[in-house]
Amino acid sequence: MTKSPTVRAGRLIDANLHLLDRQVLDPENMPVATVDDVELDDVLWNTPLPPGTPAPVVTALLSGPVLATRIFGGRPPESRWHRIAWTHVVEIGTAIRIGINANELDVSWVERWLRDHVIRRIPGGSHDPE
Amino acid sequence: MKRIFAVALGVLTAIGGFVDIGDLVTNAVVGSRFGLSLAWVVIVGVVGICLFANMSGRVGAVSGRATFEIIRERLGPRVGLANLGASFFINLMTLTAEIGGIALALQLITGVDPALFGPLAAFAVWVIVWRAKFSQLENAVGILGLSLIVFVVAVFLLGPDWGDLARQAVMPTVPASEQPATYWYYAIALFGAAMTPYEVFFFSSGAIEEGWKRKDLGQERLNVFVGFPLGGVLSIAIAASAAIVLLPQAIAVTSLSQVVLPVVQAGGTIAFCFLVVGMLAAFFGAALETTLSSGYTIAQYFGWSWGKFRRPAQAARFHVVMIVGLVLAVGILATGVDPILITEYSVVFSAVALPLTYLPILIVANDPDYMGADVNGRLANALGLVYLVIILVASLAAIPLMIITGAGA
């Protein structure tokens with residue numbers, strides 16, 4: 001999938017303003033998640049950065065249980081993080097578009113589980129509304 | 001013909017949303033105790049809901065982003081979550097009241113215990129939400145709801161002293177039998193009933209459900225500026241009918257049968273039939289809207305897939321939330337709590353939660369990233385700021401007044 005100019009290298013992005021709490025959409029316009037947090041590379045947690053350190057790079061968008069710790073404090077174990085790798089991001093606008101289908105991401109497992117175990121078992125669940 | 005149907009979204013939100021059980025009960029209570037001396041609040045509320053529904057519909061149509069996505073994006077996850085909790089709670093109260101209202105209206109015609117109708121009504125709401133198309137539900141309920149115009153007819157049939165009614169409305173005074181604090185408490189209740197946040201959630205999400213784009217903005221304006229004022233006229237007619245019949249006899253409205261009384265006295269059985277159809281349509285429409293709104297708010301906050309334009313299997317969590325909401329509503333009704341009482345509290349709590357919903361809409365409607373050239377004009381911003389002040393004052397005063405007046409006793 002071709003990337004939009006909004007994600008070109010060197011564009012200055014305010015993570016707080018342009019990434020956090022924005023809706024993530026897949027190529028079929030299906031909402032995937034909201035960006036609950038971002039993962040940065042090479043930043044030691046809880047350690048002050050010396051002046052002149054190069055800016056860290058966003059490696060993934062996070063969603064899921066990390067929202068609870070963002071609101072109430074703390075930090076979930078890394079094994080519980082649901083990542084959308086930064087390489088999937090194709091456009092940053094009022095919503096963030098990714099180039100991979102929602103069904104291929106771990107982030108949407110609850111949606112898939114409820115779909116397969118609850119919604120599809122109710123008559124009419126797989127049909128268009130009439 | 002197409003044009004007429006196209007206004008239906010506005011009419012549905014006007015009838016099922018503007019005149020729902022909250023407006024019906026609050027206006028009748030106010031009319032029976034204060035006459036038309038609070039009619040000005042309805043007008044203030046109608047202008048406010050027109051302003052903000054138009055803004056949120058425009059944001060939805062232009063940016064494709066619904067209201068609760070924006071609330072979270074602008075207020076952050078923490079305040080957004082607080083707002084979500086409050087909105088979901090109020091929404092659930094309103095849904096419970098609407099379903100209870102359907103059961104009470106059916107009791108009026110059948111005499112059967114409303115406890116039996118509650119689960120049935122909730123199931124009917126679910127079937128529609130599960131299977132029916134958005135446009136069908138809005139047309140059917142919108143057109144049936146129009147029979148609430150019987151309240152306007154009733155006011156004429158009752159042949160009131162028009163001069164006296166006009167005096168109450170134009171030169172409002174607190175009646176001698178009431179405290180000023182109670183007067184202001186009901187002013188806030190009426191304001192909350194007119195500006196209930198779920199109307200905005202429903203309206204902005206509805207714009208996206210219908211696939212509205214920038215070119216549909218004229219249509220959207222028409223819906224707002226025809227639909228909501230129509231709802232306002234009905235609200236004032238409800239208060240007027242209660243003021244004419246119930247106020248002189250000092251009957252305070254505590255049940256649906258007292259709301260119905262003036263219409264029956266004016267037009268007999270035929271008027272009663274129209275009224276029951278209108279009430280059922282309005283309550284049912286509002287139950288659909290609040291059910292959908294409970295799904296919309298949660299799904300949009302968490303970024304889940306939502307919408308009736310998708311198959312249920314493509315919006316699984318959205319549909320699960322709505323089912324849970326309906327089950328909770330039926331559960332609350334099963335405790336035997338009076339739906340009229342829930343209604344009276346829900347409109348006041350709505351007033352408390354208003355600022356957190358309306359502030360982010362005003363901010364984003366001015367953001368060129370979202371809106372491009374369609375950002376708010378000066379008039380919309382000036383009015384928006386004035387209303388933010390009113391909304392904030394109403395929100396802060398609501399709980400203290402509730403305590404001082406013993407919830408309007």
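A residue counts as buried if 20 or more other C-beta atoms lie within 10 Å of its own, as exposed if 12 or fewer do, and as partly exposed in between; C-beta atoms are placed from the backbone. This is a predicted model: local features need pLDDT of at least 70, side-chain atom pairs count only at pLDDT 80 or more, and totals for chains, interfaces and linings use all residues. Residues are numbered from 1 along each chain as its sequence is written, while chains are lettered from A and ligands numbered from 1 in the order in which they are written.

**Exercise 1. Describe chain A as a whole.**

Step 1. Start with burial. Of the 130 residues in chain A, 25% are buried.

Step 2. List the elements. Helices (H or I, at least four residues) and strands (E, at least two) are DSSP runs, numbered from the N terminus. Chain A has three helices and seven strands. Their order from the N terminus is α-β-β-β-β-α-β-β-β-α.

Step 3. Take the extent. Along the principal axes, the C-alpha atoms fill a box of roughly 60 × 35 × 20 Å.

Step 4. Check the contacts. Two residues are in contact if their C-beta atoms, placed from the backbone, lie within 7 Å. Among chain A contacts with a separation of 6 or more, 51% join residues 24 or more positions apart.

**Exercise 2. Work out the sheet built from E3, E4 and E5 of chain A.**

Step 1. Find the pairs. Strands pair if DSSP finds at least two bridges between them. E3 (residues 37-40) and E4 (residues 58-63) of chain A are antiparallel, with four bridges. E4(A) also pairs with E5 (residues 82-85) of chain A, again antiparallel over four bridges.

Step 2. A:Asp37 lies opposite A:Leu62 in E4(A). A:Val38 has A:Leu61 as its bridge partner. On the E5(A) side, A:Ser63 is bridged to A:His82.

**Exercise 3. Locate the nonpolar cores.**

Step 1. Define the set. A nonpolar core is a set of buried Ala, Val, Leu, Ile, Met, Phe, Trp, Tyr and Cys residues joined through C-beta atoms within 7 Å.

Step 2. Take the largest core. It has 145 residues, and B:Ile102, B:Ile188, B:Leu190 and B:Phe283 touch the most other members. Helix H13 (residues 256-302) of chain B gives the most, 24 residues.

Step 3. Take the second. This separate core has 16 residues, including A:Leu67, A:Ile84, A:Ile96 and A:Leu105.

Step 4. Look around B:Ile188. Beyond its neighbours within four places in sequence, B:Ile188 contacts B:Val348, B:Ala351, B:Ala394, B:Ala397, B:Ala398 and B:Leu401.
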